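Here is a short report on selected side chains and their surroundings. Please keep the sequence and the structure at hand while reading.

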Amino acid sequence: MKAFTGFFKFFIVWQISFTSLIFSQVSENELKAVFLERFTRFIDWPDDILSEEDEKFRIGIWGEVEFYDELLEVSTLRKIRGKEIELINYQKNPDSINCHMLLIGDCTKTQLKALLRKIRLLPILTVSDSDGFAEAGVQINFFTEENRLKFEVNPASIEAAGLKVNFRLLQFAKVIQGSG
């Protein structure tokens, strides 16, 4: 029943995003920030990664993320899997990344490739909002189509990181078959 309730809530929020962004009172950036929390309901990390000893759910920021301010607000109001949210800015330094989710901001394809090579097999959910990033190996990527916020999912990349995606998330996504 709990899974159904979570799915229902996700479905309702997702339907809201299909309303034209031009006429909506909720901005695209606010929706992105809220969806990050929603995505975590449909992704499973290895048991030892999200253990009870972890006091916080760490979201890393790599590069400049357009919806950072909205994410900061959401992080103070919500929890992920019962844990407070901690935002960590890695300033494009892939050597020190230690988080559960990594938001990848603007960068070149070369920078993205180098970053993904470093973290590819780590249990980190990668999310971006840049054209072509899901095909390049980012696990979830936002895009806008006909003034509607949508997302694409790269299941091969998710699996390669040791994470599991619930099929319900894939029902709402554009599924990308790409590098994993």
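## Serine 130

Serine 130 sits in the loop between β6 (125-128) and α5 (133-136). Helices (H or I, at least four residues) and strands (E, at least two) are DSSP runs, numbered from the N terminus. Serine 130 has a relative accessible area of 11%, so it is buried. Buried means under 20% relative accessible area, exposed over 50%, and partly exposed in between (1.4 Å probe, protein chains only). Leaving aside residues up to four places away in sequence, serine 130 touches Asp106, Asn141 and Phe142. Contact here means heavy atoms within 4.5 Å.

## Basis of the model

This is a predicted model, in which local features need pLDDT of at least 70, side-chain atom pairs count only at pLDDT 80 or more, and totals for chains, interfaces and linings use all residues. Residues are numbered from 1 along each chain as its sequence is written, and side-chain values use heavy atoms, with hydrogens and water left out.

## Aromatic pairs

The structure holds five aromatic pairs. Rings of Phe, Tyr and Trp (its six-membered ring) pair if their centres lie within 6.5 Å; planes under 30 degrees apart count as stacked, over 60 as edge-to-face and the rest as tilted. One of the pairs joins phenylalanine 39 and phenylalanine 142: the ring centres are 5.6 Å apart and the planes are at 35°, so the pair is tilted. Phenylalanine 39 belongs to helix α2 (residues 28-39) and phenylalanine 142 to strand β7 (residues 140-145), so the pair ties together parts that are 103 residues apart in sequence.

Phenylalanine 39 is buried, at a relative accessible area of 0%. Phenylalanine 142 is buried too, at 2%. One aromatic cluster is formed by Phe35, Phe39, Phe67, Phe142 and Phe151. Another ring has a charge over it: the charged end of lysine 174 sits over phenylalanine 143, 5.7 Å from the ring centre. Such a charge is NZ of Lys or CZ of Arg within 6 Å of the ring centre and within 35 degrees of the ring normal.

## The two faces of α3

Which residues of helix α3 (residues 68-77) are buried? They are Leu71, Val74 and Ser75. These residues cover an arc of only 105° around the axis, which puts them on the same side of α3. The arc is that of the directions from the helix axis to the C-beta atoms.

The buried residues of α3 pack against α2, β2 (56-62), β4 (83-89) and β5 (101-104). The face turned away from the buried side carries the exposed residues Asp69, Thr76 and Leu77.

## Salt bridges

A search of the whole structure finds seven salt bridges. Each is a side-chain nitrogen of Lys or Arg within 4 Å of a carboxyl oxygen of Asp or Glu. Glutamate 28 and lysine 32 form one of them (3.3 Å, N to O). Both lie in helix α2, four residues apart, about one turn of the helix. Glutamate 28 is partly exposed at 25%, whereas lysine 32 is buried at 3%.

Glu37, Arg38, Arg41 and Arg78 are linked in a network of salt bridges. Arginine 38 bridges to glutamate 37, with the closest N and O atoms 2.5 Å apart. Arginine 38 is buried at 8% relative accessibility, and glutamate 37 is buried at 5%. Arginine 78 also meets glutamate 37 in a salt bridge (4.0 Å, N to O). Arginine 78 lies in the loop between α3 and β3 (79-80) and glutamate 37 in helix α2, so the pair ties together parts that are 41 residues apart in sequence. Arginine 78 is partly exposed, with a relative accessible area of 31%.
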